[in-house]
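Thanks for making time this morning.

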Amino acid sequence: MAITIIPYEPIHSKAFHDLNVEWLKKYFYVEEKDKELLNDCENTILKKDGHIFFAKYEGKIVGCFSFLKISASTFELGKMAVSEKYQGLKIGQELLKFAIAFGKESNWDKIILYSSTKLPHALYLYEKYNFEKVPIEKDLPYERSDIKMELQLK
């Protein structure tokens with residue numbers, strides 16, 4: 001199984017949107033902050049020093065994630081999705097391994113993420129790669145977020 005991780009190109013904006021809307025509609029709903037990030041990812045993520053990457057499998061874009069800049073040395077991992085048709089192939093693990101390696105290569109201090117206890121498979125994956133639960137702040141942009149995790153890279 002050959003999974004390739006590739007950086008964002010404008011041709012991928014629809015895939016980024018569609019992969020995320022697919023899982024959001026399955027488990028939750030598309031919130032205003034989702035719409036803001038997904039409908040204009042170039043301005044809301046990339047032009048704010050963020051990053052977007054995709055998993056390519058058998059010539060198709062099947063997964064993605066983004067990094068939102070929080071500070072010079074802290075980035076938020078978000079918008080991680082794998083198409084339902086391709087789940088079970090460890091594509092999420094490949095994306096997460098790539099994300100961690102990218103953060104280390106970029107000399108970041110830590111990666112944070114927000115998730116939901118309604119997603120036990122995702123939480124298991126994050127814990128497997130040494131993300132730890134930390135106190136969550138109030139007034140988050142997503143109603144679904146009820147857990148915060150971080151990975152110290154240094």
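Let me begin with a term I will need throughout: a residue is called buried when its relative accessible area is under 20%, exposed when that value is over 50%, and partly exposed in between. Please keep in mind that what you see is a predicted model. By that cut-off Cys41, at 3% relative accessibility, counts as buried, and Cys64 is buried as well, with a relative accessible area of 0%.

How many disulfides does a search of the whole structure find? The search returns zero. For Cys41 the reason is distance, because the closest cysteine sulfur, in Cys64, is 9.5 Å from its own, too far for a bond, whereas a disulfide would need the two sulfur atoms within 2.5 Å.

Turning to the rings, the search of the whole structure gives 16 aromatic pairs, and I will discuss two of them. In one, Phe67 and Trp108 have ring centres 4.8 Å apart and planes at 90°, so this pair is edge-to-face. Phe67 belongs to strand S3, residues 60–71, while Trp108 sits in the loop between helix H4 (91–105) and strand S5 (110–115), so the pair ties together parts that are 41 residues apart in sequence. Phe67 and Trp108 are both buried.

The other pair is Phe98 with Phe102, which is stacked, with 6.3 Å from centre to centre and 20° between the planes. Here both residues lie in helix H4, four residues apart, or about one turn of the helix.

Glu31 is found in the loop between helix H1 (13–27) and helix H2 (32–39), and, with a relative accessible area of 6%, Glu31 is buried. Which residues does Glu31 touch, if we leave out those up to four places away in sequence? They are Pro141, Tyr142, Glu143 and Arg144.

Notes. Residues are numbered from 1 along each chain as its sequence is written. This is a predicted model: local features need pLDDT of at least 70, side-chain atom pairs count only at pLDDT 80 or more; totals for chains, interfaces and linings use all residues. Side-chain values use heavy atoms; hydrogens and water are left out. Buried means under 20% relative accessible area, exposed over 50%, partly exposed in between (1.4 Å probe, protein chains only). Rings of Phe, Tyr and Trp (its six-membered ring) pair if their centres lie within 6.5 Å; planes under 30 degrees apart count as stacked, over 60 as edge-to-face and the rest as tilted. Helices (H or I, at least four residues) and strands (E, at least two) are DSSP runs, numbered from the N terminus. Contact means heavy atoms within 4.5 Å.
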